[in-house]
Amino acid sequence: MACMRTPRSTTSPATGGDVFALIRAGLATTRTEIGNLTGLSRTAVAARVSSLQASGLVVEREEGVSTGGRPPVKLSFHVQAGVVLSAAIGRSRTQLAICDLAGDVIVAEDVEQEIGTSPAELMPVIARRLIALREGLGETAGRTVGIGISLPGTVDTERGCSLNSPMMSGWDGVPLQPFLADVTDAPVFVDNDANVMVLAERRGERRDFADMLLIKASTGLGAGLVSGGVLQRGALGAAGEIGHTKTAAAQGVVCRCGDVGCIEAVAGGWALVRNLQEQGREVTHIRDVITLALAGDAEARRMIRESGRQIGEVLSGAINLLNPEVVIVGGDMAQAYDTFVAGLRETLYGNAIAVATQQLQILPWTHGELSGVVGSATMALDHVLSVRAVDQLLARQK
Ligand SMILES: [Zn+2]
């Protein structure tokens, strides 16, 4: 994924796609600014802008009150030029959304499903519901620019399928695009849930964070990493799979992956549920534990803080390796942010080297429960609105 702050190569003249990137990022709002930023002649700027206007991606609006003469006009990204569909698939719940081209949710809904539901059972439901949601808005297949899907576990982004998701049995190796053929001909993109969540954070005022680590602390644990402005997926897409890192605190404890000693087995949401159940408490999901903690339950609060402590221990190694500017806390445990982060800070600042934590910020996720669908939409948009994709679009309309 290209960093928006360096949208063009310095060796060749800026293309229509480059000009669009400047407008989309809000870096240029007039032809003069585009000329200054790209070095293009006035004629070349005018040609690219009119081609972008013809595509519908850029509009020109009169702004403010004129002080005599022509009223000032501003170029802007036309976020209503189409829609992007998104699905954040979880183990027991899938969230669906229709978003505008800025990635903002227009409408969203949840689909509850049985744990262990196969793609052949769930994907047709997702396809039908997405079509219904889109029709409800009066939108069409023709205005759909793409679909973004997120899944727990490691994802093969080339084939658009789960690669290794022990918690989603039956999904590994099954490409998801064919299930969505009735929804749209537009491209379908698939990635891991924590990866798309970190993309969701790099929007708006947080877009300038080039080095960001997101921890997703829910039933399971995962992380998403942006380094040098680029999402890091690793060699096989398994970057950020921290839930099954071995830790001393989990020694001898059996994990749901079948192994022993994973951080998830003591600090994951499912482990907290198990621990409270063993005390005779009636909880079935990490969200129940959060509800108890927010109501002041001392034991639930202690467990969430301890989970933060243990996760901080594992993360401190990543902080030393990567020196992020910010750690974003997301997932269900972010709903008890103060309690969780009190524990996280303790071990993160205690164990990581001083220079790496000196200016380290810890912040809550921005989009809360909608993070998965906003992130999935953002991922798809980063592809379909990339410099290259927009250049191809403009070439086709000639
Ligand atoms: Zn494990």
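The paragraphs below lead through this predicted model from its domains to its helix packing and its strands. Residues are numbered from 1 along each chain as its sequence is written. Because the model is predicted, local features need pLDDT of at least 70 and side-chain atom pairs count only at pLDDT 80 or more, while totals for chains, interfaces and linings use all residues.

The chain is divided into domain 1 (16-78), domain 2 (83-198 + 372-388) and domain 3 (207-365), with bounds that come from an automatic or database domain assignment. Between the C-alpha centres of domain 1 and domain 3 there are 44 Å.

Helix α1 (residues 16-24) packs against helix α3 (residues 42-55) at an angle of about 75°, and their axes are 9 Å apart; helices here are DSSP runs of H or I with at least four residues, strands are runs of E with at least two, and both are numbered from the N terminus. The axes are lines fitted to C-alpha atoms, for helices over the stretch in contact, and angles run from 0 to 180 degrees between N-to-C directions. That angle makes α1 roughly perpendicular to α3, a term for 65 to 115 degrees, with under 35 counted as roughly parallel, over 145 as roughly antiparallel and the rest as oblique. On the α1 side, Gly-16, Val-19 and Phe-20 meet Arg-48, Val-49, Ser-51 and Leu-52 of α3, where contact requires C-beta atoms, placed from the backbone, to lie within 7 Å.

Strand β3 (residues 83-89) has 7 of its 7 residues buried, so it is largely enclosed by the rest of the structure; buried means that 20 or more other C-beta atoms lie within 10 Å of a residue's own, the C-beta atoms being placed from the backbone, whereas 12 or fewer is exposed and anything in between partly exposed. In a regular strand the side chains alternate between the two faces of the sheet. In β3, Val-83, Leu-85, Ala-87 and Ile-89 are buried on one side, and Val-84, Ser-86 and Ala-88 on the other. Strand β3 runs parallel to β6 (residues 144-151), joined by 6 bridges, and Ala-87 has Ile-149 as its bridge partner there. Another 6 bridges join β3 to β4 (residues 93-99), an antiparallel pair linked by a hairpin through 3 residues.

Elsewhere, 5 strands form an open sheet of mixed pairing, in the order β12-β11-β10-β13-β14; strands pair if DSSP finds at least two bridges between them. Its edge strands, β12 (230-231) and β14 (361-364), each pair on one side only. Helix α10 (residues 337-351) lies across β10, β13 and β14, at about 155° to β14.

How values were computed:
Two residues are in contact if their C-beta atoms, placed from the backbone, lie within 7 Å.
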